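Subject: Structure for your review

Dear colleague,

Please find below the structure that I am handing over to you. I would be grateful if you could look through it before reading my notes.

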Amino acid sequence: MSHPVIQAITPFASTGTVKKDPSVLLRERLAHVRWKALEQTDKFLIQFEANIIRRGGKVLWARHGADAVSELQQLALTQQADGFRLASGPGIRELGLAEQLAKQGLRVEHDASGPCPAKTILISEAQFVLADPGAVLLERVHVAAHAPLHVVLAPVDRVLPALRDVYIATHPAHGIVPAGWTLQSGPLARQRLYIMLYDSDRSNIMAEPGVREAMRCIGCEGCDLHDPVAATSVKGNGVRFHPIKAICTPHIRTNPSFAPSFMHPLDNRAAGICPAGIDFKRMFLFNRKLAADRHAAGRPRLFYFLWKKAVTRRGVIASRGLKTLSHFTHVFFNKSTHGQRKEMRAPRKSFNRLWRERMHLN
Ligand code: SF4
């Protein structure tokens with residue numbers, strides 16, 4: 001079977017030139033747009049801020065959930081708002097807004113559809129923000145709610161350089177249906193529009209060249225069906241083990257974990273359909289190597305030191321016996337997070353002892 005990318009290229013017999021499949025071209029274009037946006041995120045974010053302010057909007061910056069909550073509290077105070085109406089979305093869950101705002105004694109509603117009361121702040125999420133002309137891509141229902149106070153959350157990696165790029169990133173072939181989304185480039189009549197750009201460890205991930213590519217993800221959910229771990233987790237208990245999340249988890253400050261990078265297989269099947277051209281395998285391997293390097297200190301290093309000493313000195317094995325050594329290894333080194341390691345069954349006599357007995361040596 002030929003390579004899928006080569007298969008998608010159709011040669012012109014007469015001239016010898018090649019014409020690429022439009023879907024491959026679209027994919028390459030999207031990967032390039034996202035790469036360009038990530039390489040110059042700082043420039044595009046500043047451009048976005050300047051443009052949206054010129055159009056009457058305001059920008060709030062938050063490093064993490066606590067910053068976001070204090071900014072929203074401050075806003076509620078200055079605008080004399082008496083509560084929040086939250087849309088459902090990954091950013092709102094990630095920042096823990098519902099719990100944190102409720103903890104501060106503020107009224108929180110979870111239905112973001114329908115007209116918004118005058119003293120209530122609507123919090124929704126943007127799919128992308130556009131540096132030029134300074135606009136946000138929002139779900140149409142949230143724009144239609146016509147909230148007098150509207151706060152739009154957007155992570156700092158979700159910036160696109162220009163208006164033309166939004167058509168590539170939201171093309172139906174990429175799984176995001178543009179019909180449900182609309183562009184808003186400033187506040188509506190009698191509205192105050194705030195865009196809250198939050199970081200939440202994304203700058204750490206962008207600063208790590210080995211995994212920066214993961215930030216190209218446009219959230220089309222295409223890989224959910226092709227990555228076996230993601231597919232089974234969605235069907236199972238509903239907790240989604242997304243491959244991009246698995247790649248990013250070791251690089252976040254709060255609760256970093258390498259375990260998900262070992263859970264996902266290295267067959268790279270999801271890379272074949274990813275519109276942003278993300279190479280999952282390379283980043284899983286990067287994380288696994290990082291985990292091995294970080295954990296090479298301490299207990300594993302001591303284990304290999306003792307193991308080497310024992311196996312290179314036959315006297316140690318002969319004097320203590322294989323069973324004792326195996327039990328020692330189990331007690332001190334066999335602890336695992338899942339408790340699945342078992343004690344090795346050591347043979348009664350070593351190979352050396354058996355050979356010596358057979359040869360009638362001492
Ligand atoms: S990583 Fe998955 S969700 Fe993200 S763009 Fe690729 S296929 Fe879509």
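The notes below describe what was found.

Please bear in mind that this is a predicted model. The chain has 362 residues, of which 28% count as buried, and it contains 18 helices and 11 strands. Among contacts between residues at least 6 apart in sequence, 72% join residues at least 24 apart.

The largest nonpolar core holds 69 residues, and within it Met196 and Ala214 touch the most other members. Strand β6 (residues 120–132) gives the most to this core, contributing 8 residues. At least three residues come from each of domain 1 (25–200) and domain 2 (214–295). Beyond its neighbours within four places in sequence, Ala214 is in contact with Ile205, Ile244, Ile247, Cys248, Ile278 and Met283.

Most residues other than glycine have a negative phi, and most peptide bonds are trans. The bond from Asp132 to Pro133, however, is cis, with omega near 25°; Pro133 lies in the loop between β6 and β7 (135–139). Glu221 has a positive phi near 65° and sits in the loop between α9 (202–206) and α10 (223–226). Because Glu221 has 14 C-beta neighbours inside 10 Å, it counts as partly exposed. Asn268 likewise has a positive phi, of about 60°, and lies in the loop between α13 (259–263) and α14 (280–295).

Yours sincerely

Definitions and conventions. Residues are numbered from 1 along each chain as its sequence is written. This is a predicted model: local features need pLDDT of at least 70, side-chain atom pairs count only at pLDDT 80 or more; totals for chains, interfaces and linings use all residues. A nonpolar core is a set of buried Ala, Val, Leu, Ile, Met, Phe, Trp, Tyr and Cys residues joined through C-beta atoms within 7 Å. A residue is buried if 20 or more other C-beta atoms lie within 10 Å of its own, exposed if 12 or fewer, and partly exposed in between; C-beta atoms are placed from the backbone. Helices (H or I, at least four residues) and strands (E, at least two) are DSSP runs, numbered from the N terminus. Domain bounds come from an automatic or database domain assignment. Two residues are in contact if their C-beta atoms, placed from the backbone, lie within 7 Å.
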